[in-house]
Amino acid sequence: MGIAHALRGLAGGRWIAALASLSVLSGLNNGFALKVGSFVQQRVNSAYSPSSPLYLHPAEYSFLGSGLLLGVVASCGLSGLIIRAVGTRNAALLGELLAFGAAFFGFFASASWMLHVWRIGQGAGVGLCITAKPLFIAESSPPEWRGRLLVALAFCIVLGQAVAELIDW
């Protein structure tokens, strides 16, 4: 809170613009990541033959889509402990790194179990971000802007999901 207060005093309106950008961009990113899992599973089996190590059997196929949500639920449950240990800003950064790293390494998965592990990891990162970012915005924004910035974040999460759905359509 001390650093945020000092930056707010130094930067003035630029601090509000930075927080608004964080709300919009992270909302779009997290909303898109949540929705993209539903159409990834539709494309995985069409790309691989049954003899491929990445081919998913029906039970694995359904778990791939829900693996991201499993990670989100697990990390939301643990996020209070993580935020208390490292702070809201660092928890949000950790969530982004986890989500990006899991998506990156999931791209190079050579077996279906690896794909599942990375999807759960990506969900854990998204869940941590969804929990930590509103807290960071609420802690570091001036009271008169707090509600607007948090509504922008929530709106952009839903907008990100809608954009992902339109891309898949």
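Biologist: Where do I start, and what secondary structure does the protein have?

Modeller: Start with the fold. The model is predicted, so keep that in mind throughout. The protein has six helices and zero strands. Along the sequence the pattern reads α-α-α-α-α-α.

Biologist: How much of the protein is buried?

Modeller: Of the 169 residues, 39% are buried. The accessible surface comes to about 9,300 Å². Carbon and sulfur atoms hold 74% of that surface.

Biologist: What share of the contacts links residues 24 or more positions apart?

Modeller: Take the contacts with a separation of 6 or more. Residues 24 or more positions apart account for 76% of them. Asn 90 and Phe 136 are 46 residues apart in sequence, yet their C-alpha atoms are 9.5 Å apart in space. Asn 90 sits in helix 4. It counts as partly exposed because its relative accessibility is 35%.

Biologist: Which residues make up the largest nonpolar core?

Modeller: A core is read as a set of buried nonpolar residues joined through side-chain atoms within 4.5 Å. Here the largest one has five residues: Ile 83, Ala 91, Ala 92, Leu 128 and Ala 132. Helix 4 and helix 5 each supply at least two residues of this core.

Biologist: What does Ile 83 touch, once its neighbours within four places in sequence are left aside?

Modeller: Ile 83 is in contact with Thr 88, Ala 91, Thr 131, Ala 132 and Leu 135. Ala 91 and Ala 132 are also members of the core.

Biologist: Now charges. How many salt bridges are there?

Modeller: The general idea first. Side chains of opposite charge can pair when their charged atoms come close. In this structure the count is one salt bridge. Glu 96 pairs with Lys 133, and the closest N and O atoms are 2.2 Å apart. Glu 96 lies in helix 4 and Lys 133 in helix 5, so the pair ties together parts 37 residues apart in sequence.

Biologist: Which polar atom lies 2.7 Å from the side chain of Ser 141?

Modeller: The backbone oxygen of Ile 137 lies 2.7 Å from a polar atom of the Ser 141 side chain. Ser 141 is in the loop between helix 5 and helix 6. At 1% relative accessibility, Ser 141 counts as buried.

Biologist: Let us move on to helix 6. What is in contact with Ile 157 there?

Modeller: Ile 157 is in helix 6. Leave aside its neighbours within four places in sequence, and Ile 157 is in contact with Gly 27, Leu 28 and Gly 31. Its relative accessibility is 16%, so Ile 157 counts as buried. Ile 130 lies 27 residues from Ile 157 in sequence, with 9.0 Å between the C-alpha atoms.

Biologist: And Trp 145, is it buried or partly exposed?

Modeller: Trp 145 is partly exposed, because its relative accessible area is 32%. It is found in helix 6.

How values were computed: Residues numbered from 1 in each chain as written. Predicted model: local features only at pLDDT ≥ 70, side-chain atom pairs only at ≥ 80, totals over all residues. Heavy atoms only, no water. Helix = DSSP H or I, 4+ residues; strand = E, 2+ residues; numbered from the N terminus. Buried < 20%, exposed > 50% of the residue type's maximum accessible area, 1.4 Å probe, protein only. Polar contact = N/O pair within 3.5 Å; in protein donor to acceptor, adjacent residues only side chain to side chain. Contact = heavy atoms within 4.5 Å. Areas by Shrake-Rupley, 256 points an atom, 1.4 Å probe, with all protein chains shown as cover. Salt bridge = Lys/Arg side-chain N within 4 Å of Asp/Glu carboxyl O.
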